[in-house]
Amino acid sequence: LEEAIEATFNHLDILSPRDMAAFWTAVPQFLRKRGRGPSKRHDEDQDEQQLHLQFDKILVHTLEEIPAFGYRDLAQTTLGFAKIVKNIGGHGKRLPEGSPQQILHNLFIGENSQNKEFIFSHIAVASLPILQDFDARSLSNFIYAYGLAEYVLKFEDGSTFFDILALEAIPNLTKFNSFDISNMLWGYSNVKASNPRLFEETGDVVIARDLLKTFNPQDITNMIWAYSTAEELHPKLFEEVADHIASLDNLGGFIPQALSNIAWAYATANESQPKLFKKIADAVIKKETEFTSQGITNLLWAYATNGQIDQHLFKSLAPTATALVRKCNSQDLANIAWSYAVANVSAPSLFNQDFINSCLEKNDEFTLEGLSQLHQWHLWQEDLNSNIDCPHHFKEKCYEAFLSRVPRPSALQDDVISELSSIGLQPEEEKLTERGYRLDALVEVNGEKIGIEVDGPSHFLGRKPTGSTILKHRQVTTLEGIRIVSVPYWEWDKLGKDRSKKQQYLRALLGLN
């Protein structure tokens, strides 16, 4: 690396934009190869000063010449800068003094990221006159670079540089190949830069051109992850991708993290694709020991959230999850516990005193959502009659978090409760149960307490209940002794405004006819 820096520094006056682009492309490659150790040259203080001076001069010269760069060299240089930022970002003072990483951190990021903002805003402004010249690969790499660097340039009118890039990309989408599409969408999603038109038209192009057969496993993973992360819905694309993956002979080409990310993406997008989840489960079991703590956590959460209760999968992953417990953060622990509670798969080797101790060590790190998940897990342990010993104060903390959730009655719920009153019942609205659940309504019919749950679209994936809905209905029934009757939104909507039909429907549902 030092030799490349010195050679570039000594020939700055004659270097072309292509030469400078090649240098900045090579720098992150050198950084990856040498790791994060300090400079190994002998006169360390002098070498550090020299290295800093050389890097500084090369960077300043590059930025001064940027307006003269063609689109390919500009895209290549920007991508090199972004990879440098990715390599050194987030480490700050932990970087070894005098190392190239520490010097580059000072130059490219600086105090409060002010250098990064200056560099990438300068490049963005310089690119505006030639954006229309970019070919598909260069534009894709350019977008990917800004996503990788996690920088969004905002303009006074509220728009962003990503909006401008989308305007250039959309008319040229038919020229993008699978790699270009995957990289571009990843760039947008990594900085949460929403652009509904770009995502919609990209999905349409992928389907219309039958491009999925040209996507490799990583491109497919990045694309579908990008849609879910950016919260951009494209049901037809998700269906096509699910069918494509399910049709493959095997998923051997998908690394464990890719399998986890795909399952997570479908669960996050509220897309129910049983064939896909079955295919992924079979592949996961073959690679079960290769997952990281985050990978296995996301996978379990995805299956539980999606209501895909694959008992064989959960049993198979229990030993791996057990081995990774100490590497889990607080949210990982909560997600694992909640997922097994939803699946209702007993795993005493996983949920033992070591698991409890891991939770207690991270007591102050749990969010309200995580504590709420653990409360439902505690209820599940009660249902299993397990002898796991969890301190009372921690259980109380989880219970209080569960109670803190604010009820949000819907117009649909109000309508159902109104009709319950009309047929002579006395519904108790938002009834709080002993174990902390809130029922939309509680009625008494022939001496029996019945919980009424008015289940809107968020309670289902298609017509199948979500994991949260499954768990609530089961725990209220088994632990509270209250039978749950569900009023699915589509059945109620079908009755229209006919009150007599609505009342007849409720009578039949509750056995009052």
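Is Thr202 buried or exposed? In this predicted model, Thr202 is buried, its relative accessible area being 1%. The residue sits in helix α10, which spans residues 196–208. Its side chain reaches the backbone oxygen of Leu198 at 2.6 Å. If neighbours within four places in sequence are set aside, Thr202 is in contact with Leu173, Ile181, Met184, Leu185 and Tyr227.

I turn now to charged pairs. Side chains of opposite charge can pair when their charged atoms come close. The count of salt bridges here comes to 18, and I shall present some of them.

Arg435 and Glu480 meet through their side chains in a salt bridge, at 3.5 Å from N to O. Glu480 belongs to helix α22 (residues 467–480), while Arg435 lies in the loop between β1 (428–432) and β2 (438–445), so this pair ties together parts 45 residues apart in sequence. Glu480 is buried, with a relative accessible area of 17%, and Arg435 is buried, with a value of 17%. A network of salt bridges links Glu382, Arg435 and Glu480.

Next, consider Arg483 and Glu448, whose side chains form a salt bridge at 2.9 Å, N to O. Arg483 is in strand β6 (residues 483–488) and Glu448 in strand β3 (residues 448–455); the pair therefore ties together parts that are 35 residues apart in sequence. Arg483 is partly exposed at 36% relative accessibility, and Glu448 is partly exposed at 32%.

Finally, Glu428 forms a salt bridge with Lys431, with the closest N and O atoms 3.3 Å apart. Glu428 counts as partly exposed at 32% relative accessibility, and Lys431 counts as partly exposed at 28%.

Definitions and conventions. Residues numbered from 1 in each chain as written. Predicted model: local features only at pLDDT ≥ 70, side-chain atom pairs only at ≥ 80, totals over all residues. Heavy atoms only, no water. Helix = DSSP H or I, 4+ residues; strand = E, 2+ residues; numbered from the N terminus. Buried < 20%, exposed > 50% of the residue type's maximum accessible area, 1.4 Å probe, protein only. Polar contact = N/O pair within 3.5 Å; in protein donor to acceptor, adjacent residues only side chain to side chain. Contact = heavy atoms within 4.5 Å. Salt bridge = Lys/Arg side-chain N within 4 Å of Asp/Glu carboxyl O.
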